[in-house]
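Please look through the sequence and the 3D structure below. The report that follows covers aromatic rings, charges over rings and a surface patch.

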Amino acid sequence: MSLVKNSSIYIFGEILAKLLPFLLLPYLTRKLGVDGFGELANAQAYIVLLVVFIGLSQDGAVARYFYFYGKRSIGLIVSCGLVLSLLFALPLIVFSLYTHNLIVLYIALAALSQVILKVQLSLRQCQKKAFEYTCIQVFSGVFTVAITIFLFETLKATYANRVLAIVIANFLTFFLGLYFYAQTTKLKLNFCWRIRRKGFTYIFMFGFPLVFHQLSFFMKGQLDRILIHENFTPAELGMYAAGFQLASILSILIMAINKAIVPFIYEGFKKKEINFLNVISWFHLSFLFIGLPALFAFLIPESVYQMILGDEFVGSKFYTVLFLLGLGLNIPYLLLVNFLFYHGENKKIAFSTICSSVIHVFFVYLFLQIGLDWIPVSLFLSNIILIIILYFSCKKVYLSQLTRT
């Protein structure tokens with residue numbers, strides 16, 4: 001019962017945190033316009049790229065340390081990770097100050113603040129502090145919305161001020177979370193180099209190999225924005241990004257449902273109430289539903305999209321429909337991935353993800369030569385190939401289990 005309750009709280013926090021930017025979308029598109037929204041999409045892509053290198057998968061390192069070694073020295077790992085992130089971000093911060101490039105400074109600080117916040121969320125999740133986890137998620141979302149509106153209304157509605165709002169909101173949330181953490185846990189500052197060196201080594205050895213894995217997600221999720229920004233106008237990127245933003249509501253719902261059912265699926269695997277044949281049956285059935293969101297979006301009149309995004313975003317419906325086709329494939333993807341995760345086949349998942357990302361970039365480059373309208377098809381094609389690879393990986397695991405029994 002406790003597992004169900006905690007899962008529900010986590011899911012509520014995830015959905016609310018993800019929905020707040022979506023609810024702010026009509027305000028952003030009208031205030032920034034199609035050009036400004038395109039510049040914002042480009043800036044956000046660079047933030048995601050920097051998170052890969054500044055973060056070194058610290059949230060994963062904290063989780064692994066907690067479950068393998070316990071909570072006794074978890075504060076050491078968190079603080080060493082913070083120091084490493086500051087050191088990695090510092091050259092870019094100094095460069096931006098030296099060249100008086102504010103947007104580069106904001107992007108570096110946004111990436112740094114996101115890394116810090118992700119670690120705090122991972123720590124709360126490990127400690128099963130569902131309420132604190134949800135509060136951090138909600139406060140971050142609410143602060144971001146409030147500060148964005150404040151900066152836009154008092155200063156100027158620019159994509160740079162939107163990134164600045166994210167920076168301020170993330171750091172405010174971090175310090176708030178740190179304050180509440182200090183109320184229940186005695187903070188110890190240990191500057192012994194020998195002990196610190198072990199913490200730095202652990203994070204680096206854990207995170208560095210995962211940089212390439214994280215880059216594969218960046219290649220599939222954000223690289224297209226940078227390439228479009230270089231080859232097309234900011235207005236065209238703005239239209240493209242707005243279509244994806246609308247379609248991403250489907251991903252939020254799918255991921256939330258997946259988080260809710262994963263504990264029960266894993267329990268079913270453990271009790272042998274669910275097996276590979278059940279998974280494959282659900283996998284085949286899921287293909288009946290993946291096109292429904294795209295069909296629904298296609299039937300909605302263009303005027304509704306204009307009402308949501310603004311008159312400048314005529315044509316965003318086209319991109320929304322195409323992206324929904326690609327994102328709908330997350331349903332069969334997650335069914336297969338859950339099976340592989342339970343059986344500890346992480347290498348197979350990583351291999352499949354990297355292959356899919358390389359194929360995605362290949363299609364993006366190919367469609368760049370044809371036209372912007374073709375680029376969303378890259379997501380659909382690469383996801384189809386990813387699912388095919390995962391399907392045969394699952395089948396191989398199942399056959400090897402039959403051989404052993």
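## A tilted pair

Y342 is partly exposed, because its relative accessible area is 31%. The cut-offs are simple: buried means under 20% relative accessible area, exposed means over 50%, and partly exposed lies in between (1.4 Å probe, protein chains only). Y266 is also partly exposed, at 26% relative accessibility.

This is a predicted model: local features need pLDDT of at least 70, side-chain atom pairs count only at pLDDT 80 or more, and totals for chains, interfaces and linings use all residues. Residues are numbered from 1 along each chain as its sequence is written, and side-chain values use heavy atoms, with hydrogens and water left out.

A pair of aromatic rings is described by the distance of the centres and the angle of the planes. Rings of Phe, Tyr and Trp (its six-membered ring) pair if their centres lie within 6.5 Å; planes under 30 degrees apart are stacked, over 60 edge-to-face, and the rest tilted. The count by this rule is 23 aromatic pairs. One of them joins Y266 and Y342: the centres are 5.5 Å apart, the planes are at 50 degrees, and the pair is tilted. Y266 lies in helix 10 (residues 234-270) and Y342 in helix 15 (residues 330-342), so this pair links distant parts of the chain, 76 residues apart. Helices here are DSSP runs (H or I, at least four residues), numbered from the N terminus.

## An edge-to-face pair and a cluster

How are the rings of F269 and F339 arranged? Their planes stand at 75 degrees and their centres are 5.8 Å apart, so the pair is edge-to-face. F269 is in helix 10 and F339 in helix 15, 70 residues apart. Both residues are buried.

The two pairs belong to a wider group. Y266, F269, F276, F339, Y342 and Y398 form one aromatic cluster.

## Charges over rings

A charge sits over a ring if NZ of Lys or CZ of Arg is within 6 Å of the ring centre and within 35 degrees of the ring normal. R225 places its charged end over the ring of F244, 4.3 Å from the centre.

## A nonpolar patch

V83, L87, F88, F204, M205, F208 and F212 make a nonpolar surface patch of about 700 Å². Nonpolar side chains (Val, Leu, Ile, Met, Phe, Trp, Tyr) are joined within 5 Å, like charges within 9 Å. Areas come from the Shrake-Rupley method with a 1.4 Å probe.

Helix 3 (74-98) and helix 7 (193-207) each supply at least two patch residues. The largest share, three residues, comes from helix 3. F204 is in helix 7 and is partly exposed, at 37%.

Notes: Patch = residues over 30% accessible without salt bridge, like charges linked within 9 Å, V, L, I, M, F, W, Y side chains within 5 Å. Salt bridge = Lys/Arg side-chain N within 4 Å of Asp/Glu carboxyl O.
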